Every structure is written in structure tokens, then in C-alpha cells.
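Look over the sequence and the model first.

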Amino acid sequence: MSTSSTRFADSRRMGMHEPLHQISIWGDTFKGDSNPITGASTMMQMDTRLDSKSESTSHDSLGPSGNGQPEDRISDKIQRRLAQNREAARKSRLRKKAYVQQLETSRLKLAEMEKELERARQQGLYVGGSLDTARVGFSGTMNSGIATFEMEYGHWVEEQHRQNCELRNALQAHVTDIELRILVESSLNHYYDLFRMKADAAKADVFYLMSGMWRTSAERFFLWIGGFRPSELLNVLMPHFEPLTDQQLLDVCNLRQSSQQAEDALSQGMDKLQQTLAQSMVSDSPIAGSSRSQMAEAVDKLDSLESFVNQADHLRQQTLRQMSHILTTRQAARGLLALGEYFHRLRALSSLWAARPREPA
């Protein structure tokens, strides 16, 4: 037997490897073969031999003692820790994948919107800052800001339908809470995007936004300051939250009550604005120029309409956020799915109503 074999045999009997000898072997491997593929193969063969020697060393060292319980406990602990690390890495990969997909979807949507806007400009749909009203079915002047909003809202509805399908499939597949939480946050952010879009549209034409012409006829039936009433929506969604704990039930009731109080305050403010505006339009003075000043005052009062819309949307956003905090992840997912299906059915009802058979006049 050679000297190196004798050294390994001695090391095996001692229950350990000789580090300096391993380093010399690796050094000879790199010096002896400059080809990286051959070198890598040689290293893999050497690692295999070392692993087999390690196993024989472990068996030899543990065999005579007859007691492997401490080593078994350490091995079990290491295996559990490795399993936990693998699970954490898997969840991290899922979160990263979902985030990348969301970014890619947003990028594609933005590129598509830019192309559609460019096509609309090239086709001459914008003439003097107004849109061809026959195209959208709205009687009145529509500026470019409203045209952009209608286009964005159309994409928003399509995206909402896609997210509803994802939520439904996830709930049926019983995915983990972490995966479900990603979908819930994505759905909430989608509604927040709508409120941001409405704020921009209110700056362009607040009357158009409050009229609800961007929604279907059945949706307009439930319209309140340009959107849904948060308290009424909680009443619709309550059955989908069950089962609720006593604390959850109390929190949801308190949320509904506070939403109703905020809605009443905004409604009273709107009523007061209507009364003040109507009074300012009545002219009792025959003095020339007083009518112009009254009209200017009325225009100033109408500026507060934008604030009412923004406050109403802020209340809707806060209600959705508080609801997600009160509920568990799966309850919130069921509630958001029910909310999306509720609006989808209202839109379907509008289509059925428009296509109903009518008796000839």
C-alpha cells in the first residue's frame, strides 16, 4: 500500500480526515489537468471517494460505542431545520413570482393603453378637446381626461374579472394562506387603483363622474356620490364572512355603524350644497352685473363637489382596508370574491335589461 493510502487508513481508524493531505490532493488535481471539464470530473470522483470514506468513518466511529442517540437527535434537528429552510425558500419564491407577474401585467397594460390612446389620436377622435359622443353613448362634451378614464375603467373591469377567477380557483384548491394573502392584497390594490383613477377623472369633469354614466344602468341604480355605499355593501357581504367569532362580529358591526355615520354626514353636506347653490342662482337684484357675480359664486361652490367625491372614495377605501384587517385571510378572500361577483352580476343584469323584448310603441 502507498504512503497516501496508509495515511487515509490511519485517519479512518482515528475517526477523522487529514486536512493537509486533502488539500495536497486537490492541488495535484488542478496542476495535473488544465482542462476544466476533466478537472471538475476528477474533483467529483475525489468527492465521491471522500464521501464514501466519511460514511465508513462514521460507521466505524459509531459502531463500537453502541449508543447513537445523541447523534440521532442532532441529525433529526438538522433535518427539521433544513426542511424549514426549504419551505421558507419555497414561499419566498412564490411571493417573488407573484410580484414579478404583477409588474409584468402592469407593464403590458400600460403599453396597451398608450397604444390605444395613440390610435385614438391618429383617428381624430379628439377634436378641440372633446370626444365624439356617439362613440361612448354619452350626451355632452367629454374631454380627453374623461376619455382616458373610460379606457382605463374598461381595462379595470377586465382585470377584476381575471382576479375573481384567480380567487375562486385558489379557494377551491385550498392553497396556503400566504399564497391567498398575495391574491387578497392584489385585489385590494386593484380597488385602490380605481379610486385613484376616479380622483383624476373628478378633476376633469366631476359631473360626469357623479352621474355614473361610466357604469351600467343597474349599477347606477345603487349609486351614491359616484360609487357604492360602504355600509350597504357590508350588509350584502356579511353572509360570505361566516363563521365569525364574537369579536369579529362586534368589529364588523362597529365598522358598519361608523360607515353609516360618515355616509350621513357626507349626504347632509351634499344636501346643504344643493340648497346653497339653488339660492345663489335666484337673482333678486336688478343691478346690472349682479347675475355674473352670482354665477361666479355658484362656480366656486361647485368646486367643492370634487372634495365630496374624494371623501366618499376615501370612506370606501378605508372600509375595505378595515374589513381586511378584521377578517382572516380566507374570509377576506371570500368577501372580495363575493364583491367582484356582485358587481359582475349587476353588469349582467344591465345587459339583460337592455336586451329585453319590448312591445312596439
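The points below cover the overall fold, then the salt bridges.

This is a predicted model, in which local features need pLDDT of at least 70 and side-chain atom pairs count only at pLDDT 80 or more, while totals for chains, interfaces and linings use all residues. Residues are numbered from 1 along each chain as its sequence is written, and side-chain values use heavy atoms, with hydrogens and water left out.

**Overall fold**

- The protein chain has 13 helices and 2 strands. Both are DSSP runs, numbered from the N terminus: helices are H or I with at least four residues, strands are E with at least two.
- Of the 361 residues in the protein chain, 31% are buried. Buried means under 20% relative accessible area, exposed means over 50%, and partly exposed lies in between (1.4 Å probe, protein chains only).
- Take the contacts in the protein chain with a separation of 6 or more: 74% of them join residues 24 or more positions apart. A contact means heavy atoms within 4.5 Å.
- The protein chain exposes about 22600 Å², and carbon and sulfur atoms supply 55% of that area. Accessible areas come from the Shrake-Rupley method with a 1.4 Å probe; for residues, only the protein chains shown count as cover.

**Salt bridges: the count and a network**

- The structure holds 15 salt bridges. The criterion is a side-chain nitrogen of Lys or Arg within 4 Å of a carboxyl oxygen of Asp or Glu.
- Salt bridges link E87, R90 and K91 in a network.

**Helix α6**

- R162 and E159 form a salt bridge, with 2.4 Å from N to O.
- The two residues are 3 apart in helix α6 (residues 144-173), about one helical turn.
- E159 is buried at 10% relative accessible area. R162 is partly exposed at 33%.

**Helix α7**

- R196 pairs with D200 in a salt bridge, and their closest N and O atoms are 3.8 Å apart.
- Both residues lie in helix α7 (residues 177-211), 4 residues apart, which is about one turn of the helix.
- R196 has a relative accessible area of 44% and is partly exposed. D200 is also partly exposed, at 42%.

**Helix α13**

- The side chains of E341 and R345 form a salt bridge at 3.9 Å, N to O.
- E341 and R345 sit 4 residues apart in helix α13 (residues 329-354), separated by about one helical turn.
- E341 is partly exposed at 21% relative accessibility. R345 is exposed at 57%.
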